[in-house]
Amino acid sequence: MTRCNTMEEVRAEVDRLDREIVRLLAEREQRIADAGRIKESRDIVRDEARVEDVVTKVRALAQNHGASPDLIEAIYRDMMERFIAHEFVLWDANRGL
């Protein structure tokens, strides 16, 4: 990874990264939609063990990539809460509730 030397370079790189992040988030959203369709019970939409498993994995990934594990964990916890809320909406909608 090369360093940016001007604010223009920083902004161009952030814009490039945002395009990729949004693409990946859209793909993740589709997997959440699949889960909302597949899960048989509303009671299993929130899976605390899975949340903690994901946090453990992303903290390790953050460390391996030289990122702050605490920052990445906070971002992921917020993101997962929002995806869980979205999955509840989808689960209900899939069942006409």
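Helix H1 gives the largest share of the lining of the largest pocket, eleven residues, where a helix is a DSSP run of H or I of at least four residues, numbered from the N terminus. The model is predicted, so that local features need pLDDT of at least 70 and side-chain atom pairs pLDDT 80 or more, while totals for chains, interfaces and linings use all residues. Residues are numbered from 1 along each chain as its sequence is written, and side-chain values use heavy atoms, without hydrogens and water.

At least two lining residues of the largest pocket come from each of H1 (7-38), H2 (48-64) and H3 (69-94). The space in this pocket is about 1,400 Å³; a pocket is an open set of points on a 1 Å grid where a 1.4 Å probe fits, with protein on both sides within 12 Å along at least five of seven lines, and lining residues have an atom within 4 Å of a point. The lining has 36 residues, and Leu25, Arg28, Val58, Tyr76 and Met79 are the closest to the pocket's centre. Sorted by class, the lining holds 23 nonpolar, two polar and eleven charged residues (Asp, Glu, Lys and Arg count as charged).

The crossing of H1 and H3 is right-handed. On the H1 side the contact (heavy atoms within 4.5 Å) includes Leu25, Arg28, Glu29 and Ile32, while H3 contributes residues including Tyr76, Met79, Met80, Phe83 and Trp91. In this contact of H1 with H3 there are ten nonpolar, three polar and four charged residues.

H2 also meets H3: their axes come within 9 Å and cross at roughly 145°, and this crossing is right-handed. Among the residues of H2 that take part are Val51, Val54, Val55, Val58 and Arg59, and they face a set in H3 including Pro69, Ile72, Tyr76, Met80 and Ile84. The contact of H2 with H3 has ten nonpolar, one polar and five charged residues.

Note on methods:
Points joined across faces, edges and corners; volume = space filled by probe spheres on them. Left-handed = near helix turned anticlockwise from the far one by under 90°. Axes fitted to C-alpha atoms, helices over the stretch in contact; angles between N-to-C directions.
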